[in-house]
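Here's a quick tour of the model you have open. Keep the viewer handy and click along as you read.

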Amino acid sequence: MKYQVETQPLPYSTIILHCLKYPSKGVFGLLIGNKKGDKVTITGCVPLSHESTPLAPPLELATSLVHGKFGASLVGVYFSNSTPSDTSLNVHATRLADRISNVTSSPAVLVQVMNERLVSDCEQDRLVAYEKDGESWKETKTIFQGSNFLRGLQAVIRKKLYRELADFENHLDNPEFDFYNTNLSNKLVQVAEFRS
């Protein structure tokens, strides 16, 4: 099946902020959304890690917690590599996506952040989506929000809201950090006028 993947503004921005908070590290997170026919709509995300080679036990624990909270709405994984020129698929991200497919009994999508496009005035889509085709991952169609959405994202970046983002690793260091980023999401809606 050939999916079309659309990422709504709020999770899109959260993914970008996760990358901007850790510009020289790879990041990983989980995608929340829904599937209808051949379309996957990403409606939320949960930042997990900011290590290029994350440890399996914390990822397993985080995946179990998120699956317990969102169930079948857990639809995939996002990641970025640690260097802008690296556009390869991260083996840890693909393994995590395979794990999600097993847990949810539904094919997971994989979304990669193209680091070379992480400049504030970039007019291009920064995300590339993949789906599993047999034993390999193939690029699939993404539905891009366009320049109106990017203006809101640029406002969020100028406010440096990435400083307020917490991932699951941060939560393990300090349980007071909310890795679901509820307060940050509210601020993103206010600053960029995104709908939650």
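## The second largest pocket

The lining of the second largest pocket splits into five nonpolar, two polar and three charged residues. For these classes, Ala, Val, Leu, Ile, Met, Phe, Trp, Tyr, Cys and Pro count as nonpolar, Asp, Glu, Lys and Arg as charged, and the others, Gly among them, as polar. To find them on screen, pick Pro54, Leu55, Ala56, Leu59, Glu60, Thr63, His92, Arg95, Leu96 and Arg99. H2 and helix H3 (91-104) each supply at least two residues of this lining. The volume comes to about 160 Å³.

Some ground rules before moving on. This is a predicted model, where local features need pLDDT of at least 70 and side-chain atom pairs count only at pLDDT 80 or more, while totals for chains, interfaces and linings use all residues. Residues are numbered from 1 along each chain as its sequence is written, and side-chain values use heavy atoms, with hydrogens and water left out.

Helices (H or I, at least four residues) and strands (E, at least two) are DSSP runs, numbered from the N terminus. Pockets and cavities come from a 1 Å grid over the protein atoms alone: a cavity is a set of points where a 1.4 Å probe fits but cannot get out, a pocket is an open set with protein on both sides within 12 Å along at least five of seven lines, and lining residues have an atom within 4 Å of a point. Grid points are joined across faces, edges and corners, and a volume is the space filled by probe spheres set on the points.

## The largest pocket

How much space lies in the largest pocket? About 250 Å³. Its lining has 15 residues, with Gly44, Cys45, Phe70, Tyr180 and Ser185 lying nearest the centre. H1, E3, helix H2 (56-70) and helix H6 (182-192) are the elements that give two or more residues each. E3 provides the largest share, five residues. By class, the lining of the largest pocket has eight nonpolar, six polar and one charged.

## The barrel

Seven strands close into a barrel, in the order E1-E3-E2-E4-E5-E6-E7, with mixed pairing; two strands pair if DSSP finds at least two bridges between them. On average, neighbouring strands in this sheet are turned by 40 degrees against each other, direction ignored. Helix H1 (residues 9-21) packs on the sheet, touching strand E1 (4-7), E2, strand E3 (39-49), E4, strand E5 (109-113) and strand E6 (127-133), and its direction makes about 30 degrees with that of E3. Contact here means heavy atoms within 4.5 Å, and axes are lines fitted to C-alpha atoms, for helices over the stretch in contact, with angles running from 0 to 180 degrees between N-to-C directions.

Now for who sits beside whom. E1 and E3 pair in the parallel sense over four bridges, with Val5 opposite Val40 in E3. E1 also runs parallel to E7, joined by three bridges, and there the partner of Val5 is Thr142. Strand E2 (residues 27-36) and strand E4 (residues 74-80) run antiparallel with six bridges, one pairing Leu31 with Gly76 in E4.

## A cavity and a salt bridge

Val5 and Thr142 are back here, lining the cavity along with Thr7, Tyr12, Val111, Asp125, Leu127, Ala129 and Ile143. E1, E6 and strand E7 (136-143) give two or more residues each to this lining.

The structure has five salt bridges, each a side-chain nitrogen of Lys or Arg within 4 Å of a carboxyl oxygen of Asp or Glu. In one of them, Glu6 meets Lys39, with the closest N and O atoms 2.9 Å apart. Glu6 lies in strand E1 and Lys39 in strand E3, so the pair ties together parts that are 33 residues apart in sequence.
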